[in-house]
Structures are given as C-alpha cells and as structure tokens.
Amino acid sequence: MNRGAAHADGEGFAAEFDRIEAAVDAGATDLRALGFWRLLAQVKADRALAAHWAEQAGRIDRKAFEQGVRVRFPVWLGNLVLLLGVVVAAVAVGVALATDSETGAGLALLFAALTWSAAVHSPTHWLVGRMIGLRFVSYFFRSPVPPVPGLKIDYATYLRASPESRAWMHASGAIASKAAPLVALTFWPATVAPAWAAWGLVGYGALLITTDVFISTKKSDWKRFRRELRIARRQASNR
C-alpha cells in the first residue's frame, strides 16, 4: 500500500506543494519564506510521505535554485577542476620530498594541506552521494569572495534515500576536509621541512575542527548530519 498517497491529501500537503510551486513558477525563489522547508520537515518525518512527494519537492527545489543561481557548472566539470586541485597538491608533496630547501619543503606541505582541504570536500560528497543513489544538478559558487564551490543535490533522489545515509553523505565532505592536514603531516618526517611546518599543519587541522564545532554544527554539514539523524529517529517512531 502506498501510505504516502493514502495520507498526503488528508494532511493538506497537495495544496501546499501546489501553492509553493505556483509561487516559484511566478518567480519567487525564497523557499524558506514560502514555507517549503517547514513543509518538507513534516514530509520527511514519514518515509512513505517523503517518497510520495519526492518528485514534486525535487522539481520545486530545482526550479528555485536555477532561478536564483545563474552561474552554474556541470557536475563533471566541477569534479574535474577539484580533482586537478588534488593532483596539484600531490605534486606539491612531491616537491617537499625532493627539495633540499627547508623553507620550500615547509611551504609546499602547507600548500598541499590547504589545497587538499578545499579540493576534496565536494567530490567526497559526490562520491558518497552516488553510492547511496543520489544525483546532483550542478556546481555553483556558494560565495563570490572567496569563491567557495557548492554542489547542488537533486532533491528528489535525496528524499528517496534513507535519512541515515543522507546524514553520512553530509558528514563525508567535512571528514575529508579535516583529514587533509593530517595526510600532509604524514609526509613531514620524510622531508627537510622545519618544525614550524609540522606545527602549522597541526594548527590548521585544529582550526578546521574548531570551525566545525562552532560553525558547521549550526550552519553547515554537521548541522545537516544531526538533522538527518533526528529525522531517522522520527521515522522509526512513526513505524
């Protein structure tokens, strides 16, 4: 039995989704102001409802995104550019291992850590997302200065995935970014880089973790991680 279909109209979801979609078609892009995310919070509490409304919710989300974000890039292109960043960082580590300059080796390791941390975040989301059945719409810039890349999820596939898997998809990018300085640090003993380079890598890693604790848990990946685990508990209690 399609429980989503059985309960959807009784909760008034059909009228609300239609109202929001009509507003988006008319040019509105602020989904929060339209009540879209409040509606989604109710739908996501029941896995059958989430699956039932996935297609229309995904369509609304994509329309609002594409109307509000004009500069977008294909997913393959964004992944390619960021993976090139990963390769450049690996070359920097090679330089650090080969050079006899202490300062050069230290700077090369720091450069590798910074580049890896920025470059692995979104591709890791993409990889884990694809493993759990998610599709992605495009890359975009979440902020112009500095140009931080964002990866837009196809929300229909997002709603069809389990909240536990969605939670770990959100966590994956954050974990990969925090691991980058530690990976660079493992090469330090094999180089002539001075102690300040090692402490710089440790400090950068600590800064990233501190940022996660005080910012990401309120605004970014770890907030979404915790949200999806709460949804998983709500779904379990509704069975």
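**Salt bridges in the predicted model**

Biologist: Arginine 59 forms a salt bridge with glutamate 21; how far apart are the closest N and O atoms?
Modeller: This is a predicted model, in which local features need pLDDT of at least 70 and side-chain atom pairs count only at pLDDT 80 or more, while totals for chains, interfaces and linings use all residues. Residues are numbered from 1 along each chain as its sequence is written, and side-chain values use heavy atoms, with hydrogens and water left out. A salt bridge is a side-chain nitrogen of Lys or Arg within 4 Å of a carboxyl oxygen of Asp or Glu. For arginine 59 and glutamate 21, the closest N and O atoms are apart by 2.6 Å.

Biologist: How many residues separate arginine 59 and glutamate 21?
Modeller: Helices are DSSP runs of H or I with at least four residues, numbered from the N terminus. Arginine 59 is in helix H5 (residues 47–68) and glutamate 21 in helix H2 (residues 13–25), so the pair links distant parts of the chain. The separation is 38 residues.

Biologist: Is glutamate 21 buried or exposed?
Modeller: Buried means under 20% relative accessible area, exposed over 50%, and partly exposed in between (1.4 Å probe, protein chains only). Arginine 59, at 37%, is partly exposed. Glutamate 21 has 9% relative accessibility and therefore counts as buried.

Biologist: Which helix holds lysine 178, the salt-bridge partner of aspartate 212?
Modeller: The closest N and O atoms of aspartate 212 and lysine 178 are 3.3 Å apart. Aspartate 212 lies in helix H11 (residues 195–219), 34 residues from its partner. Both residues are buried. Lysine 178 lies in helix H10.

How values were computed:
Helices (H or I, at least four residues) and strands (E, at least two) are DSSP runs, numbered from the N terminus.
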